[in-house]
Amino acid sequence: MVIIMNPEATAENISEVIRTIEGVGLEAKIMEGAQQKIVGVIGDKTRMASVAIDALPGVDHSVSISKSYKLASREFHPQSTIINIDGVKIGGETPVVMAGPCAVESRKQILEAAEIIKEGGAQFLRGGAYKPRTSPYSFQGLEIEGLKYLAEAREKTGLKIVTEVTTVEGIDPVAEYSDVMQIGARNMQNFGLLKEVGKRGKPVMLKRGLAATIDEWLNAAEYIMNEGTQDVILCERGIRTYETYTRNTLDMSAVAAVKHLSHLPIVVDPSHGTGKWRMIKPMAFAAIAAGADGLMMEVHPNPARALSDGSQSLTAENYREVMAGVKKLAKFIHDENLNPIVY
Ligand code: PEP
Ligand code: MN
C-alpha cells in the first residue's frame, strides 16, 4: 500500500501517518513524489484494515499495490530512480555504457582493455574475476588477483568497475574493489546471496535469469531492496527459448515492460543476449531506441584469443564504431524529444 499525502500536508501529518503504520507492526518508507510526499507501507497489508488511514489529516488517498514486489514497483515509487555513482548517473538522460572482457585474464589484458574502453567513451569497465562457467573445466577466473587488476585499471583510467559476485564469501572482496556488484543470470534466484548483497548497501546490477519471467526478476530485485539496498540496476541479457541460432533470445520488450512496472534503471547486454559479436551493434541501437538506460557489452583486445566469450566480444575497432553510433542515436532521441517510454 502507498499513502499519497496532499501537497499541503505538514511534517506532523506525515509523522502521524508513520506512527499509525508502525503502530500496527508495519514499516513505513517516505518517498518524494513529483508534487507530494508518498508513504509506502511494507509488510502484511491486511494489518492496515484496522486503521482508517485515509481519514488522517494530510492524507489525500491510499492505493493498494497489486504486485508481489513493492519496493521495486513503479506503483510504490512513481518517479524513475537515478543511481548516482560518484557522478556517473544511471537512469538519467544519457545512456551509460559498461564494457570490457568477459573475464579478467591477466594484468596486461585488463589494462589494455581498460584503455580501449576509456578511449571509446564508456563509463564502466566490466570483467569477471569470479566466473560462473557452465563447465567446471572452463577457466574459472583469477579471483582476488583479478579484482586487484580491475582496481589498478580504475586507478589508471578513472573508469568505474562492475564485476560479478558469485558467493556470499566473495561479497567482501568484490564490494571492496568494485563500484557496482553484479549478480549474474545463474544467481538471479540465489536468495541467500541476494539478501547478503542487499545488506551491503552498495549498488547492484541484477542480470535476468536464463529462464526468469519479468515478475520473478523484479521479485529478485525486491529481495535486495528489502535488505536496504535501493540502488539496483536491472540487466536484460536474453532468455532461453527454442531458438538456437543465437545463444539466448534478447527480450527487447523487457525494456518497455520494466519501464512500466518498475522505477529501476535497466541496461541491455547484447553480448550474452545474442552470443554473436555481429549482432551487438544492431541490438545496442535497438536497446537505446527502446529506452534502455544503458548497455553492457563485451570487448576484448584480441577476441580470437579470449579465454571466454570471444565470439560475442567486440574488437577495439568495432567497439569504437558501436559507441559512435550509440552516442549519435542517444543525442538524436534527446534532441528530437523522441522519448520512447510509455509509463
Ligand atoms: C557476465 O556478464 O559476465 C555473465 C556471466 O553474464 P550472465 O550472468 O548474463 O550469463
Ligand atoms: Mn561473458
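These legends describe close-up views of a predicted model.

**View 1. The surroundings of ligand 1.** The shell around ligand 1 consists of R126, K131, E164, Q182, G184, A185, R186, K207, R237 and H272. By residue class, this shell holds one nonpolar, three polar and six charged residues. Oxygen atoms of ligand 1 have polar side-chain atoms of the protein beside them: one from K207 at 2.7 Å, one from Q182 at 2.9 Å and one from H272 at 3.4 Å. Taken on its own, ligand 1 has 290 Å² of accessible area, and the protein covers 97% of that area.

**View 2. Helix α2 and what covers it.** Helix α2 runs over residues 107-120, 14 residues in total. From the first C-alpha to the last, α2 reaches 20 Å, close to the 20 Å expected at 1.5 Å a residue. Its buried residues are Q109, I110, L111, A113, A114, I116, I117 and G120. The elements that cover these buried residues include the strands β7 (96-100) and β8 (124-126), together with the helices α3 (144-157) and α10 (316-335). Just after α2 comes G121, with a positive phi of about 105 degrees.

**View 3. H263 in the loop between α7 and β13.** H263 sits in the loop that links α7 (253-261) to β13 (266-268). The relative accessibility of H263 is 3%, so this residue counts as buried, the cut-off being under 20%. Two polar contacts involve the H263 side chain: one with the backbone oxygen of L71 at 2.6 Å, and one with the side chain of T81 at 2.7 Å. Leaving aside residues up to four places away in sequence, H263 touches L71, A72, S73, R74, H77, Q79, S80, T81 and M225.

**View 4. S253 in helix α7.** S253 is part of helix α7, which spans residues 253-261. With a relative accessibility of 48%, S253 counts as partly exposed, because that class lies between 20% and 50%. The side chains of S253 and D251 form a polar contact of 2.6 Å. In sequence, S253 is 67 residues from R186, and the C-alpha atoms of the two are 21 Å apart in space. R186 is one of the residues that surround ligand 1.

How values were computed:
Residues numbered from 1 in each chain as written. Chains lettered and ligands numbered in written order. Predicted model: local features only at pLDDT ≥ 70, side-chain atom pairs only at ≥ 80, totals over all residues. Heavy atoms only, no water. Near = heavy atom within 4 Å. Polar contact = N/O pair within 3.5 Å; in protein donor to acceptor, adjacent residues only side chain to side chain. Areas by Shrake-Rupley, 256 points an atom, 1.4 Å probe, with all protein chains shown as cover. Nonpolar A, V, L, I, M, F, W, Y, C, P; charged D, E, K, R; others polar. Helix = DSSP H or I, 4+ residues; strand = E, 2+ residues; numbered from the N terminus. Expected span 1.5 Å × (residues − 1). Buried < 20%, exposed > 50% of the residue type's maximum accessible area, 1.4 Å probe, protein only. Contact = heavy atoms within 4.5 Å.
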